[in-house]
Amino acid sequence: MLGLMQSHPLLISALIEHAARHHGDGQIVSRRVEGDIHRYTWADVRRRAMQVANALDASGLGAGDRVGTLAWNGYRHLELYFGVSGSGRVLHTVNPRLLPEQIAWIVNHAEDRILCFDMTFLPIVKGIHSHCPGVKQWIALCDADKLPADTGIPHLVSYEAWIGSQADRYDWPVFDENTASSMCYTSGTTGNPKAALYSHRSTVLHAYAAALPDVMSLSARDSVLPVVPMFHVNAWGIPYSAAMTGAKLVFPGGALDGKSVYELIEGEKVTFAAGVPTVWQMMLGHMAQNKLKFSTLNRTVIGGSACPPAMIDTFRNQYGVDVLHAWGMTEMSPLGTLCTLKEKHRDLPEADQMKLRLKQGRAIFGVDMKIVGADEQELPWDGKTYGDLYVKGPWILGSYFKGEGGDPLRGGWFPTGDVATIDADGFMQITDRSKDVIKSGGEWISSIDVENIAMAHPAVAMAACIGMPHPKWDERPIVAVALKPGAEVARDELLAFFDGKLAKWQIPDDVVFVDSIPIGATGKMLKTKLREQLKDYRLPSA
Ligand code: AMP
């Protein structure tokens with residue numbers, strides 16, 4: 001027997017309709033590429049998203065056609081989020097930090113018909129436009145008078161001219177909620193990148209989940225700063241959850257230095273911010289140097305790579321800001337787990353609470369997870385046994401765009417490529433990417449554990465642990481270290497810092513000092529590149 005409730009598809013257009021209707025005067029604040037601060041409201045977002053939808057109709061784009069963006073976090077990008085998907089086209093956010101050849105490859109593979117870009121990325125567009133014949137229109141996200149005349153890019157128009165003459169009313173179409181809404185290519189450290197293609201249903205369900213109290217706990221009382229880019233996995237879904245809850249949104253544009261981000265947090269009374277550890281490192285450095293404090297920020301979600309314990313500690317104990325450690329991936333829209341403690345942990349000593357906070361956290365409702373061994377048998381949740389982490393759920397990828405890479409699922413589960421433990425309370429902890437695991441004498445050493453300890457040393461800015469071939473033990477860990485400006489520490493002193501923090505056999509054999517640790521386009525350490533740089537390195541004991 002079927003239930004007798006109304007049946008409405010879950011569509012992204014409903015999010016912007018809700019935000020405009022119920023939080024019409026809610027603010028959206030953006031630091032623009034031009035340098036000034038732009039302010040308007042959720043009602044304005046809807047009005048201009050409708051102009052975008054009309055402009056797409058006028059440009060002849062059909063349902064499902066892809067519209068690419070190369071853009072920072074800002075109000076025009078937000079209008080595209082709702083105008084493109086709401087009208088039935090697919091928003092394809094492209095990571096501008098990739099190499100121009102990779103960007104051109106991705107734009108062609110996605111078959112983008114229109115590409116919208118911030119003026120910061122004009123040099124990229126100048127370089128790639130002739131290699132992207134499928135793009136029929138290039139749109140610069142600026143006022144008409146800011147568009148230089150002699151770019152050499154055919155079919156180039158300013159965004160304001162493109163939408164300016166369009167009506168600001170649009171009847172959002174109603175269609176199957178499983179229709180594609182947006183897409184994002186994975187970082188693709190090996191081989192060509194592959195795309196996750198999100199649907200309206202997956203996006204709306206993810207938006208509900210992200211707003212839950214044990215996830216981002218978003219509400220109409222929040223001022224939210226997504227430092228995580230809208231060009232990578234939809235800024236962790238924050239634009240959608242903000243529209244759903246009526247939160248104020250604050251966009252940093254391209255100014256991600258410590259000073260600019262700090263000033264935006266203070267100036268816009270930000271209560272909640274989300275970012276990867278590298279961005280927060282710059283901001284905390286700026287705050288320490290200038291003896292600054294926060295007046296409104298009370299929590300921050302940190303993810304994308306492991307959050308160093310020293311960062312959780314500084315946010316909590318020096319600034320009174322709760323750090324919520326999160327884990328996810330492009331293929332998961334991206335949220336999978338988030339670390340908040342349970343009622344029974346309230347009275348635990350601070351040190352024990354810290355051990356829990358370091359973990360990537362508990363599965364969000366909608367995400368099912370398990371760890372498996374080499375035989376694909378499920379492993380116990382004892383907080384010690386390591387296994388390959390598998391996930392499933394309604395916002396987790398079933399297959400890649402155009403079927404690239406064949407069927408990625410194993411018995412209905414998506415193998416994440418991460419290795420993790422899960423404890424009896426369901427707290428998951430990532431120990432490594434499976435390809436980065438260090439196997440020494442038949443035992444596994446977690447490179448993240450080694451890096452976390454190294455980064456707790458006051459002289460260390462960043463650390464990356466990799467395995468080096470060893471005749472007796474197969475592999476032994478070494479740690480590559482970039483020091484803070486002006487700081488010094490000797491190799492032996494740093495190795496001694498591990499004593500008592502790890503078992504003897506887990507302590508790295510050597511320290512290699514480097515100027516910087518290579519970072520990829522999504523802010524993660526590029527261990528492949530580091531290995532390449534250290535290809536002539538030999539272990540002292542090998
Ligand atoms: P991406 O698809 O580019 O967002 O990368 C996803 C990958 O980033 C995951 O599979 C993890 O390896 C890594 N990752 C994300 N969040 C965390 C975290 N909190 N701790 C450790 N690794 C993380």
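The structure is a predicted model. The chain is divided into domain 1, residues 12-325, and domain 2, residues 437-533. Both domains give residues to the lining of the second largest pocket, so this pocket lies between them.

**Domain arrangement**

- Taken over C-alpha atoms, the centres of domain 1 and domain 2 are separated by 34 Å.
- On the side of domain 1, 16 residues are in contact with twelve residues of domain 2.

**Second largest pocket**

- The second largest pocket holds about 640 Å³ of space.
- Its lining consists of 20 residues, and those nearest the centre of the pocket are Q281, L284, G285, V460 and K484.
- Three elements, namely α11 (277-290), α12 (309-319) and β23 (460-470), each supply at least two residues of this lining.
- Helix α11 provides the largest share of the lining, with six residues.
- By class, the lining of the second largest pocket comprises 13 nonpolar residues, six polar residues and one charged residue.

**Cavities**

- The model contains two cavities of 30 Å³ or more.
- The largest cavity has a volume of about 90 Å³.
- It is lined by 14 residues, of which N95, L98, I106, Y185 and T186 are the closest to its centre.
- Strands β4 (90-93) and β8 (180-185) are the elements that give two or more residues to the lining of the largest cavity.
- The lining of the largest cavity divides into seven nonpolar and seven polar residues, with no charged residue.
- The residues that line the second largest cavity are Y198, T203, H206, N234, G237, Y240 and S333.
- Five residues of this second lining are polar and two are nonpolar, and no charged residue is present.

**Nine-stranded sheet**

- Nine strands form an open sheet with mixed pairing, in the order β2-β1-β11-β10-β12-β13-β14-β15-β16.
- The edge strands are β2 (37-41) and β16 (362-363), each of which pairs on one side only.
- Within a sheet, strands pair through backbone hydrogen bonds, in either a parallel or an antiparallel sense.
- The pairing of β10 (residues 223-226) with β11 (residues 248-251) is parallel and extends over two bridges.
- V224 has L249 in β11 as its bridge partner.

**Helix α9 and residue S241**

- Residue S241 belongs to helix α9, which spans residues 238-245.
- S241 counts as buried because its relative accessibility is 0%, and the cut-off for buried is under 20%.
- When neighbours within four places in sequence are left aside, S241 is in contact with A207, A210, A211 and L218.

**Helix α14**

- Helix α14, residues 447-455, is mostly covered, with eight of its nine residues buried.
- The buried residues of α14 are S447, I448, V450, E451, N452, I453, A454 and M455.

Conventions. Residues are numbered from 1 along each chain as its sequence is written. This is a predicted model: local features need pLDDT of at least 70, side-chain atom pairs count only at pLDDT 80 or more; totals for chains, interfaces and linings use all residues. Side-chain values use heavy atoms; hydrogens and water are left out. Helices (H or I, at least four residues) and strands (E, at least two) are DSSP runs, numbered from the N terminus. Buried means under 20% relative accessible area, exposed over 50%, partly exposed in between (1.4 Å probe, protein chains only). Contact means heavy atoms within 4.5 Å. On a 1 Å grid over the protein atoms alone, a cavity is a set of points where a 1.4 Å probe fits but cannot get out, and a pocket is an open set with protein on both sides within 12 Å along at least five of seven lines; lining residues have an atom within 4 Å of a point. Grid points are joined across faces, edges and corners, and a volume is the space filled by probe spheres set on the points. Ala, Val, Leu, Ile, Met, Phe, Trp, Tyr, Cys and Pro count as nonpolar, Asp, Glu, Lys and Arg as charged, and the others, Gly among them, as polar. Domain bounds come from an automatic or database domain assignment. Two strands pair if DSSP finds at least two bridges between them.
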